[in-house]
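Please open the model in your viewer and follow the stops below in order, selecting each residue as it is named.

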Amino acid sequence: MTNIYNEIIQSKIESKKLLAILLDPDKIIWDHLELLIKKIKQSPATHIFIGGSQVKTNRIDELISLLKQKVDLPMVLFPGNPSQISNEADAILFLSLISGRNSDYLIEHQIQAAPILKQTQLEVISTGYMLIESGKETAVERVSKTIPLDRYNLDLALATALAGEMLGNKLIYLEAGSGAKQAVPKQMIELVAQNIKIPLIVGGGIVDLHGIKKAYDAGADLVVIGTAFENDHDFFSK
C-alpha cells in the first residue's frame, strides 16, 4: 500500500508545491513514447495523473506499466468513469463532481467502481471535484452534463469546497477543464485555500510557467498541467 496522500499532506505542511502532468491515454502517440518519457523526466513533475473524461483505448494498463519502468514518480488515476481503473497505478483520485447535480457523477459511478477498487491494491483518495466556468464548453461539462460554477460567484465556490471537506473529501480539486480558455480565477483559489484545511489541487487553462506560479502563489498545493504539455513537450524548458 502506498502513502501518496500522506506525502501530499506532508508537502502541504512543509509548503512544498507539487506538480502533476496529466496524460490522456487516448492522446498518447505510442511511437513517440520514449520521447514523452524523456521530457517527463526532465520536467519538475512530482506526480503523473492518467485519465480523461472519455477514454476509449484499452491500453491503460500497458501505458502505466511502461511508464513505471522508466519514470520514478507516483502514478495516479484521474478517471472519468470506472472503465479507467487500472491496478498498475499506485493510487486513484476517487472523484465526486460536487459542483454538479448529475447523480451519476456524484455517487453512481462511485458505486460501480467500489467493488472493483476493493479488489485492487490502489490507494483510494476521496476528492471533491469542482468544475469552474472557463469561457468554453469543456469535455468534462459535455460528458457529465453539468453546468460549471460561475467563475465570479466566489461565495458559491467556497461553500461547495467547504461542503466537500465536511463530507470527508481528502482533496479539493478546482478544475477549469481541458483546453479551457481561462484558468481558475486567482481570487477563487485564494478564498478556497484560505478556508479549507485539506490540500487544494488546481488545473485547467494554465498555458505557461507564469500561470503555474500564479496558482501556487494563490494557494494551490498541487497544480495539474495537461493540454499545455500535451501540445508542447518542451513546455517546462521554456
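## First stop: a buried threonine

Begin by selecting Thr146, which counts as buried because its relative accessibility is 6%, under the 20% that marks the limit for that class. Keep in mind throughout that this is a predicted model. Thr146 sits in the loop between α5 (139-144) and α6 (154-166), and its side chain makes a polar contact with the side chain of Ser144 at 2.8 Å. If you now show its surroundings, leaving aside residues up to four places away in sequence, you will find that Thr146 touches Leu97, Gly100, Arg101, Asn102, Leu131 and Glu141.

## Next stops: salt bridges

Side chains of opposite charge can pair when their charged atoms come close. The structure holds eight salt bridges, and one of them is found by selecting Lys39 together with Asp234, whose closest N and O atoms are 2.7 Å apart. Lys39 belongs to helix α2 (residues 33-42) and Asp234 to the segment after α9 (227-231), so this pair ties together parts that are 195 residues apart in sequence. Lys39 counts as buried at 18% relative accessibility, whereas Asp234 is partly exposed at 33%.

Move on to Lys68 and Asp90, which form a salt bridge with their closest N and O atoms 3.3 Å apart. Since Lys68 lies in helix α3 (residues 60-70) and Asp90 in the loop between β3 (75-77) and β4 (91-97), the pair ties together parts that are 22 residues apart in sequence. Here Lys68 is partly exposed, at 37%, while Asp90 is buried, at 16%.

Finish with Asp217 and Lys213, whose side chains meet in a salt bridge of 2.7 Å, N to O. Both lie in helix α8 (residues 209-218), four residues apart, about one turn of the helix, and Asp217 is exposed, with a relative accessible area of 52%.

Definitions and conventions:
Residues are numbered from 1 along each chain as its sequence is written. This is a predicted model: local features need pLDDT of at least 70, side-chain atom pairs count only at pLDDT 80 or more; totals for chains, interfaces and linings use all residues. Side-chain values use heavy atoms; hydrogens and water are left out. Helices (H or I, at least four residues) and strands (E, at least two) are DSSP runs, numbered from the N terminus. Buried means under 20% relative accessible area, exposed over 50%, partly exposed in between (1.4 Å probe, protein chains only). A polar contact is a pair of N or O atoms within 3.5 Å; within protein, one must be able to donate a hydrogen and the other to accept it, and residues adjacent in sequence count only if both atoms are side-chain atoms. Contact means heavy atoms within 4.5 Å. A salt bridge is a side-chain nitrogen of Lys or Arg within 4 Å of a carboxyl oxygen of Asp or Glu.
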